Amino acid sequence: MIQGLFRREKNHEVPALNTSSLPDLIFTVLFFFMIVTHMRDVELKVRYTVPQGTELQKLTHKSAVSYIYIGHDRSRSTTGGGSDDMVMQLNDKIASIDEVKHYIEQERSQMNSDDQARLTVSIKADRDTHMQTIARVKHALQESFALKINYSATEK
(Lines give C-alpha, C1' and ligand atoms only; values in the text may rest on other atoms or scores of the structure.)
Protein backbone atom coordinates (compact mmCIF):
# COMPACT_ATOMS: atom_id res chain seq x y z
CA MET A 1 0.00 0.00 0.00
CA ILE A 2 2.84 2.39 0.72
CA GLN A 3 4.19 1.69 -2.72
CA GLY A 4 0.92 2.81 -4.23
CA LEU A 5 1.19 6.24 -2.63
CA PHE A 6 4.52 7.06 -4.25
CA ARG A 7 3.69 5.58 -7.57
CA ARG A 8 2.68 8.11 -10.20
CA GLU A 9 0.92 7.24 -13.31
CA LYS A 10 2.49 9.07 -16.22
CA ASN A 11 0.02 10.63 -18.59
CA HIS A 12 1.60 10.79 -22.08
CA GLU A 13 -1.34 12.45 -23.75
CA VAL A 14 -0.58 15.65 -25.66
CA PRO A 15 -2.95 18.50 -24.79
CA ALA A 16 -5.19 19.74 -27.59
CA LEU A 17 -4.08 22.83 -29.50
CA ASN A 18 -6.35 25.81 -29.06
CA THR A 19 -7.18 27.09 -32.57
CA SER A 20 -9.85 29.62 -31.63
CA SER A 21 -7.64 32.64 -32.48
CA LEU A 22 -6.36 31.17 -35.76
CA PRO A 23 -9.04 32.80 -38.01
CA ASP A 24 -8.24 36.21 -36.49
CA LEU A 25 -4.57 35.73 -37.23
CA ILE A 26 -5.24 34.60 -40.80
CA PHE A 27 -7.48 37.58 -41.54
CA THR A 28 -4.96 39.98 -39.99
CA VAL A 29 -2.21 38.66 -42.25
CA LEU A 30 -4.55 38.74 -45.25
CA PHE A 31 -5.48 42.38 -44.62
CA PHE A 32 -1.83 43.29 -44.14
CA PHE A 33 -0.89 41.89 -47.55
CA MET A 34 -3.93 43.50 -49.17
CA ILE A 35 -2.87 46.90 -47.85
CA VAL A 36 0.84 46.77 -48.69
CA THR A 37 0.61 45.02 -52.05
CA HIS A 38 0.58 47.26 -55.08
CA MET A 39 -1.11 45.77 -58.11
CA ARG A 40 0.53 46.83 -61.34
CA ASP A 41 -2.09 48.28 -63.66
CA VAL A 42 0.02 48.53 -66.78
CA GLU A 43 1.97 45.77 -68.49
CA LEU A 44 5.22 47.33 -69.67
CA LYS A 45 5.79 46.95 -73.40
CA VAL A 46 8.88 49.14 -73.40
CA ARG A 47 12.28 48.44 -71.92
CA TYR A 48 14.06 51.40 -70.42
CA THR A 49 17.12 52.07 -68.29
CA VAL A 50 16.27 54.61 -65.62
CA PRO A 51 18.61 57.62 -65.53
CA GLN A 52 20.32 58.67 -62.32
CA GLY A 53 19.92 61.97 -60.52
CA THR A 54 20.98 63.76 -57.37
CA GLU A 55 18.05 66.04 -56.46
CA LEU A 56 15.18 63.55 -56.21
CA GLN A 57 11.76 63.84 -54.56
CA LYS A 58 9.06 61.26 -54.03
CA LEU A 59 5.69 61.77 -55.67
CA THR A 60 2.72 62.56 -53.47
CA HIS A 61 -0.90 61.91 -54.37
CA LYS A 62 -0.13 58.95 -56.63
CA SER A 63 -3.79 58.73 -57.56
CA ALA A 64 -3.28 61.94 -59.56
CA VAL A 65 -0.25 60.65 -61.50
CA SER A 66 -0.37 59.45 -65.11
CA TYR A 67 2.62 57.68 -66.59
CA ILE A 68 4.23 57.91 -70.01
CA TYR A 69 6.89 55.30 -70.76
CA ILE A 70 9.53 55.89 -73.44
CA GLY A 71 11.97 53.13 -74.27
CA HIS A 72 12.87 50.27 -76.56
CA ASP A 73 10.06 48.07 -77.87
CA ARG A 74 10.12 44.73 -76.00
CA SER A 75 8.56 42.89 -78.93
CA ARG A 76 11.50 43.72 -81.19
CA SER A 77 14.89 42.08 -80.88
CA THR A 78 17.30 43.69 -78.44
CA THR A 79 20.19 43.77 -80.89
CA GLY A 80 19.49 47.30 -82.16
CA GLY A 81 19.68 49.26 -78.95
CA GLY A 82 19.92 52.62 -80.69
CA SER A 83 17.93 55.61 -79.55
CA ASP A 84 16.19 55.84 -82.94
CA ASP A 85 14.05 52.76 -82.21
CA MET A 86 12.40 54.33 -79.14
CA VAL A 87 8.66 53.93 -78.69
CA MET A 88 6.17 55.51 -76.31
CA GLN A 89 3.64 53.60 -74.22
CA LEU A 90 0.42 55.12 -72.89
CA ASN A 91 -1.46 52.76 -70.57
CA ASP A 92 -1.27 49.31 -72.20
CA LYS A 93 -0.54 50.27 -75.80
CA ILE A 94 2.26 51.62 -77.91
CA ALA A 95 1.27 55.10 -79.07
CA SER A 96 2.51 58.10 -81.01
CA ILE A 97 3.06 61.60 -79.69
CA ASP A 98 -0.14 62.70 -81.46
CA GLU A 99 -2.16 60.50 -79.07
CA VAL A 100 -0.87 62.19 -75.90
CA LYS A 101 -3.59 64.86 -75.86
CA HIS A 102 -6.39 62.28 -76.06
CA TYR A 103 -4.64 60.18 -73.38
CA ILE A 104 -4.49 63.13 -70.95
CA GLU A 105 -8.16 63.97 -71.58
CA GLN A 106 -9.11 60.37 -70.91
CA GLU A 107 -7.03 60.24 -67.71
CA ARG A 108 -8.60 63.48 -66.46
CA SER A 109 -12.12 62.21 -67.11
CA GLN A 110 -11.45 59.19 -64.87
CA MET A 111 -10.26 61.32 -61.92
CA ASN A 112 -12.24 63.16 -59.29
CA SER A 113 -12.13 66.97 -59.27
CA ASP A 114 -9.42 67.20 -56.60
CA ASP A 115 -7.11 64.86 -58.51
CA GLN A 116 -7.79 66.69 -61.78
CA ALA A 117 -6.32 69.84 -60.25
CA ARG A 118 -3.26 67.90 -59.03
CA LEU A 119 -2.68 65.93 -62.25
CA THR A 120 1.00 65.17 -62.65
CA VAL A 121 2.46 63.39 -65.66
CA SER A 122 5.45 61.21 -64.85
CA ILE A 123 7.74 60.52 -67.80
CA LYS A 124 9.69 57.30 -67.40
CA ALA A 125 12.16 57.53 -70.25
CA ASP A 126 15.24 55.54 -71.16
CA ARG A 127 18.49 57.34 -70.43
CA ASP A 128 19.37 57.27 -74.16
CA THR A 129 16.17 59.00 -75.30
CA HIS A 130 16.84 62.06 -77.46
CA MET A 131 15.85 65.39 -75.93
CA GLN A 132 13.95 66.11 -79.14
CA THR A 133 11.56 63.27 -78.27
CA ILE A 134 11.17 64.54 -74.69
CA ALA A 135 10.54 68.08 -76.00
CA ARG A 136 7.84 66.82 -78.40
CA VAL A 137 6.12 64.97 -75.54
CA LYS A 138 6.34 68.07 -73.32
CA HIS A 139 4.84 70.20 -76.11
CA ALA A 140 1.93 67.76 -76.48
CA LEU A 141 1.42 67.87 -72.71
CA GLN A 142 1.38 71.68 -72.77
CA GLU A 143 -1.28 71.63 -75.48
CA SER A 144 -3.44 69.44 -73.23
CA PHE A 145 -2.79 71.71 -70.21
CA ALA A 146 -0.89 69.05 -68.27
CA LEU A 147 1.74 71.39 -66.89
CA LYS A 148 3.05 69.39 -63.92
CA ILE A 149 5.68 67.05 -65.31
CA ASN A 150 7.87 64.68 -63.36
CA TYR A 151 10.88 62.76 -64.66
CA SER A 152 11.60 59.40 -63.05
CA ALA A 153 15.16 58.62 -61.98
CA THR A 154 17.14 56.63 -59.45
CA GLU A 155 19.50 58.14 -56.93
CA LYS A 156 23.21 58.26 -57.72
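Predicted model: local features only at pLDDT ≥ 70, side-chain atom pairs only at ≥ 80, totals over all residues.
1. N91 counts as partly exposed because its relative accessibility is 29% (buried means under 20% relative accessible area, exposed over 50%, partly exposed in between, with a 1.4 Å probe and protein chains only). The residue sits in the loop between β4 and β5 (93-95); helices (H or I, at least four residues) and strands (E, at least two) are DSSP runs, numbered from the N terminus.

2. Residues are numbered from 1 along each chain as its sequence is written, and side-chain values use heavy atoms, with hydrogens and water left out.

3. F145 also has a positive phi in a residue other than glycine, near 60°. F145 belongs to the loop between α5 and β7 (149-151). With a relative accessible area of 63%, F145 is exposed.

4. Which residues of helix α3 (residues 100-109) are buried? They are V100, Y103, I104 and E107. These residues cover an arc of only 95° around the axis, which puts them on the same side of α3; the arc is that of the directions from the helix axis to the C-beta atoms. As background, an α-helix has 3.6 residues a turn, so residues three or four places apart point the same way.

5. The other face of α3, turned away from the buried side, carries the exposed residues H102 and S109. Over the buried residues of α3, the cover includes the strands β3 (65-73), β4 (86-90) and β6 (120-125), together with helix α5 (131-143).

6. Strand β3 also holds D73. D73 counts as buried because its relative accessibility is 12%. Leaving aside neighbours within four places in sequence, D73 is in contact (heavy atoms within 4.5 Å) with K45, D85 and V87.

7. How many aromatic pairs does a search of the whole structure find? There are three. Rings of Phe, Tyr and Trp (its six-membered ring) pair if their centres lie within 6.5 Å; planes under 30 degrees apart count as stacked, over 60 as edge-to-face and the rest as tilted. F32 and F33 make an edge-to-face pair, 5.3 Å centre to centre with 70° between the planes. F32 is partly exposed at a relative accessible area of 48%, and F33 is partly exposed at 47%.

8. Y48 and Y69 form a tilted pair because their ring centres are 6.2 Å apart and their planes stand at 40°. This pair links distant parts of the chain, 21 residues apart: Y48 is in the loop between β1 (46-47) and β2 (52-53), and Y69 is in strand β3. Y48 is partly exposed, with a relative accessible area of 21%, whereas Y69 is buried, with 9%. Ring pairs join Y48, Y67 and Y69 into a cluster.

9. Lastly, the surface has a nonpolar patch of about 1200 Å² of accessible area together, whose members include L22, L25, I26, F27, F32, F33 and V36. V36 lies in helix α2 (residues 22-36). Patches are made of residues with over 30% relative accessible area and no salt bridge, with like charges joined within 9 Å and nonpolar side chains (Val, Leu, Ile, Met, Phe, Trp, Tyr) within 5 Å. A salt bridge is a side-chain nitrogen of Lys or Arg within 4 Å of a carboxyl oxygen of Asp or Glu.

Conventions: Areas by Shrake-Rupley, 256 points an atom, 1.4 Å probe, with all protein chains shown as cover.
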